[in-house]
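Please look over the model shown below before reading my notes on it. I have set them out as numbered points.

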Amino acid sequence: MNIFKPSSSSCINYKFISAVYAAFSTLGCLLYILESFVFSSSSSSSSSKEPSSTVMKELAESIQGLYLIFVPFLPCFVWSLTVLVVQQRESCTTCTTSSAAAAAAA
């Protein structure tokens, strides 16, 4: 069983699947960057008792580890891109074969 071979039914749109995986992978990366930024700023201002520092600390605690939900989308995104490339190669081969057959028949 080849996991990189597209489904035999050609009605699956791997462009859409790749776009969805890319969107959620990007969201996970953004959450990781946000968590890193918020944690660094909240740890540097943890000594002050200002209301803004407590808000940043609460925000940092609430988003801690949220990016982990989106980690599985990264390998799925790579897989969907691989399948999309294979599907496009097969469709190009099919198109050139069918056009050559149509030209020979004419």
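1. How many disulfides does a search of the whole structure find? The search finds zero disulfides, where a disulfide is counted as a pair of cysteine sulfur atoms within 2.5 Å. Cys29 is partly exposed at 39% relative accessibility, and Cys76 is also partly exposed, with a relative accessible area of 29%; the term covers values between buried, under 20%, and exposed, over 50%, with a 1.4 Å probe and protein chains only.

2. This is a predicted model, in which local features need pLDDT of at least 70 and side-chain atom pairs count only at pLDDT 80 or more, while totals for chains, interfaces and linings use all residues. Residues are numbered from 1 along each chain as its sequence is written, and side-chain values use heavy atoms, with hydrogens and water left out.

3. The protein has three helices and zero strands, and its elements run α-α-α from the N terminus on; helices (H or I, at least four residues) and strands (E, at least two) are DSSP runs, numbered from the N terminus.

4. Of the 106 residues of the protein, 16% count as buried. Among contacts (heavy atoms within 4.5 Å) between residues at least 6 apart in sequence, 82% join residues at least 24 apart.

5. Tyr32 lies in helix α1, residues 14-44, and is partly exposed, with a relative accessible area of 45%.
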